Amino acid sequence: MPNSPRHVGAAAVTAVVALMAVSACNDGADGGSAGRTPATVKVAGVTVTKDESLHDALPEGVKKSGKVRVATDVPYPPFEMFVSEGSKELTGLDHDLGQAIGAKLGVEFVFGPQKFDGIVPALQAGKFDVAMSAITDNKERQKVVDFVDYSQSGSGILVAEGNPRKITTLTDLCGKRVGVQAATNQLKLLTGTQAKCTAAGKKKISISTYPKDSDAQLALRSGKVVADVATKPAAGWTAKTADGGKAFDLVEDPQAPGGYNASPNGIAVSKRLPGLTTAVQKALQALLDDGTVTKIYEKYGVASIAVKEATRNAAVD
């Protein structure tokens, strides 16, 4: 899997099932029907209400329809998920955040399926208005869409519950056996850290590669490795959910709150709708300021990847 979340050419597992358009009316942000704009929406325990000034600033077509068409590719935990096996109802960080932004704008964010590599072309073709699918904001994509950036995420360190080896930074892995999925940016990160270990007079990291991250997690469970380096959102979600949150911990390095080699993730908006980009940016900032975004991210175990400011087109490549 690529360095989190989804970069150019990233392969995504696409569920071959139609998505149900849903609007949030409870803590799980599900229920409702397409085109109906609820007065309030409850997401992650927070009630979000409409801001009339933001609603008035929306493009006329969006105000008239009462909805924003959102492209997404499911599943990609914790950003995009189905509520349960075989369900058409959505959950996940992006979905919940979309419901909150929609509520703030006074419209419904209606999510629809789109294979990941077709998301940007679908926006260009006018099939969707925006996309929320763990998309990395980069300069190549900025040529055809605009981004409102809502998180920074890179690589994270997953350790055993209680962090028995007291790992707090990447260089704490020097001299230790560490698991990682093969052919990933996380492997490149570990390889690139070896010189820092040597410069600090420490032994190099003993790197064990595995076909899947789930294999690296199994090695961590059994004590074969002391840590598993994975994308930070995935590591955070695993720490929160595996064995009811009692199997693993996520290392929080204050020097890398979004993860190592973090990149901005953005809500992609069609360049045909500059007014929508501005409205989404202002709504997101309001949700950042009042703590709603933090509550949503905490729900998925990744509060540290949230940004403090809703920037636009902040790619770092």
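Strand E8 (residues 145-160) is mostly covered, with 14 of its 16 residues buried. Buried means under 20% relative accessible area, exposed over 50%, and partly exposed in between (1.4 Å probe, protein chains only). Strands (E, at least two residues) and helices (H or I, at least four) are DSSP runs, numbered from the N terminus. The model is predicted: local features need pLDDT of at least 70, side-chain atom pairs count only at pLDDT 80 or more, and totals for chains, interfaces and linings use all residues. Residues are numbered from 1 along each chain as its sequence is written, and side-chain values use heavy atoms, with hydrogens and water left out.

Strand E8 has several pairing partners, among them E13 and E11. Two strands pair if DSSP finds at least two bridges between them. E8 and strand E13 (residues 260-270) are antiparallel and share 9 bridges. Here Asp-146 has Val-269 of E13 as its bridge partner. Strand E14 (residues 306-312) pairs with E8 over 3 bridges, again in the antiparallel sense. Ser-151 stands opposite Ala-306 of E14. With strand E11 (residues 227-231), E8 forms 4 antiparallel bridges. In that pairing, Ile-157 faces Val-229. Strand E12 (residues 248-250) runs antiparallel to E8 and is joined to it by 3 bridges. Val-159 has Asp-249 of E12 as its bridge partner.

The protein as a whole contains 10 helices and 14 strands. It has 317 residues, of which 54% count as buried. Contact means heavy atoms within 4.5 Å. Among contacts between residues at least 6 apart in sequence, 74% join residues at least 24 apart. The accessible surface comes to about 13,100 Å², and carbon and sulfur atoms account for 53% of it. Accessible areas come from the Shrake-Rupley method with a 1.4 Å probe; for residues, only the protein chains shown count as cover.

Helix H9 (residues 274-289) was checked for its span. Buried residues of H9 include Leu-276, Ala-279, Val-280, Ala-283, Leu-284, Leu-287 and Leu-288. Thr-277 and Gln-281 of H9 are buried as well. Gly-291 follows the helix and has a positive phi, near 90°.

A search of the whole structure finds 1 disulfide (a pair of cysteine sulfur atoms within 2.5 Å). Cys-174 is joined to Cys-197, with an S to S distance of 1.9 Å. The torsion about their S-S bond is about -80°, so the disulfide is left-handed. Cys-174 lies in the loop between E8 and strand E9 (177-181), and Cys-197 lies in helix H6 (residues 185-199), so the pair ties together parts that are 23 residues apart in sequence. Both cysteines are buried: Cys-174 has a relative accessible area of 8%, and Cys-197 one of 0%.

The whole structure also holds 2 aromatic pairs. Rings of Phe, Tyr and Trp (its six-membered ring) pair if their centres lie within 6.5 Å; planes under 30 degrees apart count as stacked, over 60 as edge-to-face and the rest as tilted. Trp-237 and Tyr-300 form a tilted pair, 5.5 Å centre to centre with 40° between the planes. This pair links distant parts of the chain, 63 residues apart. Trp-237 is in helix H8 (residues 232-241), while Tyr-300 is in the loop between helix H10 (292-299) and E14. Trp-237 is partly exposed at 21% relative accessibility, whereas Tyr-300 is buried at 2%.
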